[in-house]
Amino acid sequence: MRVTFTVNGRRRTADDVWEGESLLYVLRERLGLPGSKNACEQGECGSCTVYLDGVTVCACLVAAGQAEGREVRTVEGLADCDRLDEVQRAFVECGAVQCGFCTPGLVVQAHDLIERTGRPSDPEIREALAGNLCRCTGYEKILDAVRLAAARRAESGEAHR
């Protein structure tokens with residue numbers, strides 16, 4: 001089947017998609033967007049988190065056909081041309097990027113949290129990121145990055161949804 005949807009603001013089409021193919025597979029293998037990672041394929045680790053119509057989902061659990069006519073935003077789509085999003089920059093600056101496998105999902109989930117709440121509390125950060133597993137760190141640098149990105153957004157006056 002053919003699936004046509006908008007990815008990171010651009011209309012895209014994937015041909016010869018089979019019924020059971022995941023949105024994650026289509027993004028990575030058919031559209032050349034390797035940012036979202038393929039880790040557990042069961043929605044347990046959060047490495048493949050993307051926005052689907054403005055809501056975060058695990059792309060490994062979404063059948064590609066379900067994206068027909070919809071809007072998908074990946075970790076690549078958070079950056080503005082060659083300027084990283086505030087959350088992406090904070091992850092780099094705080095050393096929250098270890099092996100990098102969990103990073104795309106954590107960045108998308110943190111981005112969503114900050115967009116929704118503005119300046120989240122530590123318990124809100126921990127709850128929002130609870131579905132994203134990192135095997136390399138104790139999470140403190142990740143929390144530092146989310147706090148920094150939220151503080152910078154608040155200082156710049158960027159409103160949340």
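This report describes the sheet, helices, domains and cysteines of a predicted model.

## Basis of the model

Residues are numbered from 1 along each chain as its sequence is written, and side-chain values use heavy atoms, with hydrogens and water left out. Because the model is predicted, local features need pLDDT of at least 70 and side-chain atom pairs count only at pLDDT 80 or more, whereas totals for chains, interfaces and linings use all residues.

An open sheet is formed by 5 strands in the order 2-1-5-3-4, with mixed pairing. The edges are held by strand 2 (10-14) and strand 4 (55-58); each has a single partner strand, so one side of each lacks a neighbour in the sheet. On average, neighbouring strands of this sheet are turned by 40° against each other, direction ignored. Helices (H or I, at least four residues) and strands (E, at least two) are DSSP runs, numbered from the N terminus, and two strands pair if DSSP finds at least two bridges between them.

Strand 3 (residues 49-52) and strand 5 (residues 71-73) run antiparallel and are joined by 2 bridges. Strand 3 also pairs with strand 4 in the antiparallel sense, over 4 bridges. Y51 stands opposite R73 in strand 5, and its bridge partner in strand 4 is T56. The hairpin of strand 3 and strand 4 has 2 residues between the strands, and D53 takes a positive phi near 50° there.

## Helices against the sheet

Helix 3 (residues 103-117) lies across strand 3, strand 4 and strand 5, and runs at about 45° to strand 3. Such angles run from 0 to 180 degrees between N-to-C directions, with axes fitted to C-alpha atoms, for helices over the stretch in contact.

In helix 1, the buried residues (under 20% relative accessible area; exposed is over 50%, partly exposed in between; 1.4 Å probe, protein chains only) are L23, L24, V26 and L27. Their cover includes strand 1, strand 2, strand 3 and strand 5. Just after helix 1, G32 takes a positive phi of about 70°.

The chain is divided into domain 1 (3-75) and domain 2 (86-156), with bounds that come from an automatic or database domain assignment. Their centres, taken over C-alpha atoms, are separated by 22 Å. Contact (heavy atoms within 4.5 Å) involves 17 residues of domain 1 and 15 residues of domain 2.

About 1200 Å² is buried between the domains, and carbon and sulfur atoms give 55% of this area. In domain 1, C45, Y51 and V75 lose the most area to domain 2, together 38% of what that side buries. Buried area is the accessible area (1.4 Å probe) that two parts lose on being put together, summed over both.

Q88 has its place in helix 2 (residues 86-93). This residue is buried, with a relative accessible area of 11%. Not counting residues up to four places away in sequence, Q88 touches V75, L78, A79 and V107.

## Cysteines

A search of the whole structure finds 0 disulfides, a disulfide being a pair of cysteine sulfur atoms within 2.5 Å. C136 is in no disulfide, and the nearest cysteine sulfur, that of C99, is 3.7 Å away. C136 is partly exposed, with a relative accessible area of 41%. For C94, the closest cysteine sulfur is in C134, at 14 Å, which is too far for a bond.
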